[in-house]
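Please look over the model below.

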Amino acid sequence: MYFCIMEKKIVIMGATSGLGLNLAKMFVAAGWKVGACGRNESALARLKAQEPSRIVTAAIDITAGDAPERLERLIAELGGMDIYFHGSGILRESDFEATIATNVGGFTRMINAAYDYFSLSRQPARIVAISSIAGTRGLAELACYSATKAYDATFLEAMRQRAHKERLPLRIVDIRPGWTRTPLLDGDKHYLFEMDEETVCCGIFRATLRSRRVAIIGLRWQLLCALQHFVPAWLWERIHLPLWRDGRN
Ligand SMILES: NC(=O)c1ccc[n+]([C@@H]2O[C@H](COP(=O)([O-])OP(=O)(O)OC[C@H]3O[C@@H](n4cnc5c(N)ncnc54)[C@H](OP(=O)(O)O)[C@@H]3O)[C@@H](O)[C@H]2O)c1
């Protein structure tokens with residue numbers, strides 16, 4: 001008898017640094033073929049050199065109009081796509097235009113492109129994206145970032161409804177990590193309930209393959225986010241969450 005075991009393929013947008021980079025390595029180690037993307041070409045080349053036969057790379061800027069075409073070309077080179085994982089995002093409160101262009105404009109552009117691909121293929125597939133615990137409620141110090149992350153979560157929820165309406169065998173997963181020490185965070189600050197990258201990436205890896213629609217990474221963040229939903233608006237406005245403190249120790 002002849003068995004054909006198809007190689008699974010994942011595209012990771014934002015695989016040049018932090019969570020996306022770690023996740024790319026985990027999927028390669030688990031035997032997947034990985035399409036790694038981001039703007040930093042030397043980081044992509046370094047990643048590819050680790051396992052050239054299992055990694056295909058593409059320089060993609062999600063804020064650029066040609067990003068969906070570049071994604072399409074990468075998928076063809078990879079030989080298909082079972083999971084689209086969106087890990088690209090920035091936290092630059094002083095530059096609200098770049099934050100919105102990346103976390104809202106780029107996010108929408110790429111989730112739509114992945115959705116269009118899966119709606120044509122109609123194969124069982126997944127779109128997985130990282131939003132954030134910061135999107136649970138508006139945060140004074142991170143007004144723009146928290147709003148963009150709330151947008152991402154709502155957009156994913158809407159796409160889930162659309163997939164259901166269109167009877168697509170598509171699972172859409174929203175991953176919300178708590179603060180994790182990656183280059184995204186300010187190196188001079190210590191963040192509330194900060195977690196290490198490896199632990200968080202293990203949680204993200206599991207959540208990417210599981211059936212839960214929303215996965216909050218970090219037990220303390222699961223509790224804190226659940227509590228935040230019960231806080232009335234008049235009280236939330238008086239609460240000042242100590243999101244970070246200066247000094248790493
Ligand atoms: N670290 C945390 O505490 C934390 C917590 C909750 C949620 N998150 C979210 O998790 C995601 C990953 O964050 P991280 O901590 O891993 O940060 P990171 O190390 O700074 O990585 C960010 C990734 O986004 C990519 N990116 C940024 N702008 C892009 C653009 N215009 N086009 C394509 N890719 C772009 C970067 O690639 P290039 O620079 O090569 O383009 C990089 O690979 C972000 O969405 C972040 O908001 C992080």
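## Ligand shell

A residue counts as near a molecule if its C-beta atom, placed from the backbone, lies within 6 Å of it. The model shown is predicted. The ligand is surrounded by 30 residues. The closest are G18, G38, R39, N40 and G89.

Two helices each give two or more residues to this shell: α1 (18-29) and α4 (96-121). The largest share comes from α1, with three residues. By residue class, the shell around the ligand holds 16 polar, 12 nonpolar and two charged residues. Gly counts as polar in this division.

## Positive phi at R167

R167 is not a glycine, yet its phi is positive, near 50 degrees. The residue sits in the loop that links α5 (143-165) to β6 (170-177).

Is R167 buried or exposed? R167 has 8 C-beta neighbours inside 10 Å, so R167 counts as exposed.

## Positive phi at F193

F193 is a residue other than glycine with a positive phi, near 50 degrees. Its place is the loop between β7 (189-191) and α6 (197-209).

How many other C-beta atoms lie within 10 Å of F193? There are 14, and F193 is therefore partly exposed. That class falls between the cut-offs: exposed at 12 or fewer, buried at 20 or more.

Note on methods:
Residues are numbered from 1 along each chain as its sequence is written. This is a predicted model: local features need pLDDT of at least 70, side-chain atom pairs count only at pLDDT 80 or more; totals for chains, interfaces and linings use all residues. Helices (H or I, at least four residues) and strands (E, at least two) are DSSP runs, numbered from the N terminus.
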